Amino acid sequence: MSLGRLDSWKQQYYSTSGVVLGYALCSSLLAIINKYAITKFNYPGLLTALQYLTSALGVYVLGKLGILHHDPFTIPTAKKFFPAALVFYLAIFTNTNLLRHANVDTFIVFRSLTPLLVALADTAFRGQPCPSNLTFLSLLLILASAIGYVATDSGFTLTAYSWAFAYLITITTEMVYIKHMVMNLGLNTWGFVLYNNLISLMMAPFFWFLTGENVQVFAALRSGIFDPAAFYAVSLSCLFGLLISFFGFAARRAISATAFTVTGVVNKFLTVAINVLIWDKHASPVGLVCLLSTIVGGVLYQQSVTGAVSAPAQPKQLDIENNKSGSIGGGGDDDFAGESDGTGKLISR
């Protein structure tokens, strides 16, 4: 191998390794950072709006700098995209409130349940064939593990699980709807991210007034209770929301779909491990076993459906799913993602 080719290979190797490492770091930390952010800054509507602003502005600026290309924002396309953005907003809204009232482990368990509901919805509403035996068994393992987790959750509250089921329904609706509708608009990945976040940002004030959060925020501003810790937590959450979109998209291009899926699974295990190590907001030992079982079920499910998507359609669908991760709800594009995770969720989903 010539010296020039060796240098080129090394450069490509380190570039790919850096992208994968960046994606793994962002994906495994995002749910924990979002939990920390909502703990320090207890205004979920404003928090997600700041994330939408960061993501939309980031895509716009990077597009102006020529670093990426996104479709232009037009009113006719925005009108067609609005229903999907509304469902996406509701998914992120319920996700944020889930993290507000429950621990990260509960979020991962319910996020892992989405393949089961998506498979049922695809069969019932989109005319897809029934799952294979291996797919059915993997979904059954996910369901049984989730039931075991709920049964052993010492932190069970009606409020937390109400938000959990609301999140599960909205994120499933979003995934099925995006497969059915949004892909027909012909947007590229970053165009999808721009539309999703910008339209969601426009909707945010309506939900502030609907939930009464605007009163709480104005009261907090008058009393001056915002502290530096909240500022840093929100800033970190917004930054990671943008970074995971970049690294997720770059990693999808740099490595194979199988390697990307394996990375996503490892990220979930890292999230669980980090969550256990850094604070006491996590499940019991039995709950953690059930949580890990849901992840294993997710691995089996992914293996059972690999190759089921036709080659021409797969890249476009995976690109779209990859970029749901940049929101508060996202755990990465594997959730798309979630990841993504969450998540359009650039967005986290």
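In which hand does α4 pass α6? I will come back to that after a word on the chain as a whole.

What you see above is a predicted model. The chain contains 13 helices and zero strands. Going along the sequence, the pattern reads α-α-α-α-α-α-α-α-α-α-α-α-α. There are 349 residues, and 51% of them count as buried. The accessible surface of the chain is about 15700 Å², and carbon and sulfur atoms account for 70% of that surface.

Now the opening question. α4 passes α6 in a left-handed crossing. Helix α4 covers residues 104-112 and helix α6 covers residues 133-152; their axes come within 9 Å and cross at roughly 155 degrees. An angle over 145 degrees counts as roughly antiparallel, so α4 is roughly antiparallel to α6. On the α4 side, the contact is made by Asp 105, Thr 106, Val 109, Phe 110 and Ser 112, and on the α6 side by Ile 142, Ala 146, Tyr 149 and Val 150. Sorted by class, the residues of this contact are six nonpolar, two polar and one charged.

Next, helix α8, residues 189-211, which I will take with two partners, α2 and α3.

The partner to begin with is helix α2, residues 44-64. Its axis and the axis of α8 come within 8 Å, crossing at roughly 150 degrees. α2 and α8 are therefore roughly antiparallel to each other. Their crossing is left-handed. From α2, the contact includes Gly 45, Leu 46, Ala 49 and Tyr 52; from α8, it includes Trp 190, Val 193, Leu 194 and Trp 208. The class count for the contact of α2 with α8 is 13 nonpolar, five polar and no charged residues.

The other partner is helix α3, residues 75-101. At what angle do α3 and α8 pack? The angle is about 60 degrees, and the axes are 8 Å apart. α3 and α8 are therefore oblique to each other. In this case the crossing is right-handed. By class, the contact of α3 with α8 has 15 nonpolar, four polar and no charged residues.

Glu 174 sits in helix α7, residues 158-180. Is Glu 174 buried or exposed? Its relative accessibility is 1%, and the cut-off for buried is under 20%, so Glu 174 counts as buried.

Tyr 36 belongs to helix α1, residues 3-40. With a relative accessible area of 34%, Tyr 36 is partly exposed. Which residues does Tyr 36 touch, leaving out those up to four places away in sequence? They are Ala 233 and Trp 279. Tyr 36 and Ala 233 are 197 residues apart in sequence, while their C-alpha atoms are 6.7 Å apart in space.

Definitions and conventions. Residues are numbered from 1 along each chain as its sequence is written. This is a predicted model: local features need pLDDT of at least 70, side-chain atom pairs count only at pLDDT 80 or more; totals for chains, interfaces and linings use all residues. Side-chain values use heavy atoms; hydrogens and water are left out. Helices (H or I, at least four residues) and strands (E, at least two) are DSSP runs, numbered from the N terminus. Buried means under 20% relative accessible area, exposed over 50%, partly exposed in between (1.4 Å probe, protein chains only). Contact means heavy atoms within 4.5 Å. Axes are lines fitted to C-alpha atoms, for helices over the stretch in contact, and angles run from 0 to 180 degrees between N-to-C directions. Angles under 35 degrees count as roughly parallel, over 145 as roughly antiparallel, 65 to 115 as roughly perpendicular and the rest as oblique. A crossing is left-handed if the near helix is turned anticlockwise from the far one by less than a right angle, and right-handed if clockwise. Ala, Val, Leu, Ile, Met, Phe, Trp, Tyr, Cys and Pro count as nonpolar, Asp, Glu, Lys and Arg as charged, and the others, Gly among them, as polar. Accessible areas come from the Shrake-Rupley method with a 1.4 Å probe; for residues, only the protein chains shown count as cover.
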